[in-house]
Amino acid sequence: MSNSNITKKIVLTGGGTAGHVTPNIALLPSLRAAGYEISYIGSYEGIEKKLITDFDIPYYGIATGKFRRYLDIKNLTDPFRVIKGFTQAKKHLKKINPDIVFSKGGFVSVPVVRAAAALHIPCIIHESDMTPGLANKLCLSAAKKICCNFPETLSMLPKEKAVLTGSPIREELTKGDKLSALDLCGFTANKPVILVIGGSLGAASINKAVREALPKLLTDFQVVHICGKDKIDNMLLHVEGYIQFEYVKAELKDLFAMADVVISRAGANSICELLALKKPNLLIPLSAENSRGDQILNAKSFESQGFSMVIDDDYLSPDLLVEKVVELYFMRQTYIDAMGKSGQLGSIKAIMNLIQNETAQKRT
């Protein structure tokens, strides 16, 4: 007998970094419009708890541990935390009784997905990076479908489960107001704008190169620089055509609307936002020394698809930065056209179709 009249329920999970949470947040309006009752399972005090509190969603905390590929004393205790997290997740899932679980990854998602599978609750997981991270690798066998951002990733996933969807992007990012941003920054409308998203982790090299390149950049461009917490350079506070922010929230959509080109790291969610907004971009991925190398692979994929220009962080210099930015600006329409033909757009619709199909199958 069909139980299609009963309220549909979904549990979202994912955390550890903002990149494992913001795509879940981007899905919220569509999930609500489709009639889903939404709950979130994350770690007790992770960034996911802080980000989800604004959205009036029941939040359930569980114990979580990290799976490390290197020697660490915590490798002895964290497996017990994961087992505890699995038990707690199972208890929460039994109470919530969802139709489906959608996981954005991160180590907190592993006990949730494995617990859901043990309870025969279908799971859809999303892999942001070009190569699956360890947490998602541990969940592949439990997933009904695996969404990904890059065409190259399809060959690394079980063929019958893999779907190229792109990453869900918050709808408000597409609704920016250029004039509001010009007013915020005190910029003129008749000179192009570079948006630099330095961010926090590993942004020092970008911040340094941009600031050293300012005398040349400001000849032809205005520069808005999101440089990261405590990274403002007080010596440059009153330079005409240059403005710094530690971080921005609501204003980000307006800054994107104003920007002619963007300089950014190559985190998966960040570059998917650039793709969705069709912003010509220069990517400077974190070096393999400072990461697992995923940003380098992400950037190479976008470069090969014609979406981005790339500079290796190890070779970054003020002169090279200026040269590439100028080239990017004059070739910007080529990049905009390539992004417009991408198969990774419309990700929210694609993911919602998967969620609704799995929900319907569970209910028949």
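How many of the five residues of strand β9 (residues 222–226) are buried? I began with this point and then turned to the cysteines, a pocket and one glycine.

**Basis.** I worked on a predicted model, in which local features need pLDDT of at least 70, side-chain atom pairs count only at pLDDT 80 or more, and totals for chains, interfaces and linings use all residues. Residues are numbered from 1 along each chain as its sequence is written, and side-chain values use heavy atoms, with hydrogens and water left out.

**Strand β9.** I found five of the five residues buried, so β9 is largely enclosed by the rest of the structure. Buried means under 20% relative accessible area, exposed over 50%, and partly exposed in between (1.4 Å probe, protein chains only). Strands (E, at least two residues) and helices (H or I, at least four) are DSSP runs, numbered from the N terminus. I noted that Q222, V224 and I226 point one way from β9, while V223 and H225 point the other way. In a regular strand the side chains alternate between the two faces of the sheet.

**Neighbours of β9.** I took two strands as paired if DSSP finds at least two bridges between them. Strand β8 (residues 193–197) runs parallel to β9 and is joined to it by five bridges; V196 has H225 as its bridge partner in β9. Strand β10 (residues 242–245) also pairs with β9 in the parallel sense, over four bridges, and Y242 in β10 stands opposite V223.

**Cysteines.** I searched the whole structure for disulfides (pairs of cysteine sulfur atoms within 2.5 Å) and found zero. C148 is in none, its nearest cysteine sulfur being that of C147, 7.8 Å away. The sulfur of C227 is 13 Å from the closest cysteine sulfur, in C185, which is too far for a bond. Both C148 and C227 are buried, each at 0% relative accessibility.

**Second largest pocket.** Which residues are closest to its centre? I recorded a volume of about 240 Å³ for this pocket, the volume being the space filled by probe spheres set on grid points joined across faces, edges and corners. A pocket is an open set of points on a 1 Å grid over the protein atoms alone, where a 1.4 Å probe fits, with protein on both sides within 12 Å along at least five of seven lines; lining residues have an atom within 4 Å of a point. Of the 15 lining residues, I169, A276, L345, G346 and S347 are closest to the centre. Helices α9 (268–276) and α13 (347–363) each supply at least two lining residues.

**G61.** I placed G61 in strand β3 (residues 59–62) and found it partly exposed, at 21% relative accessibility.
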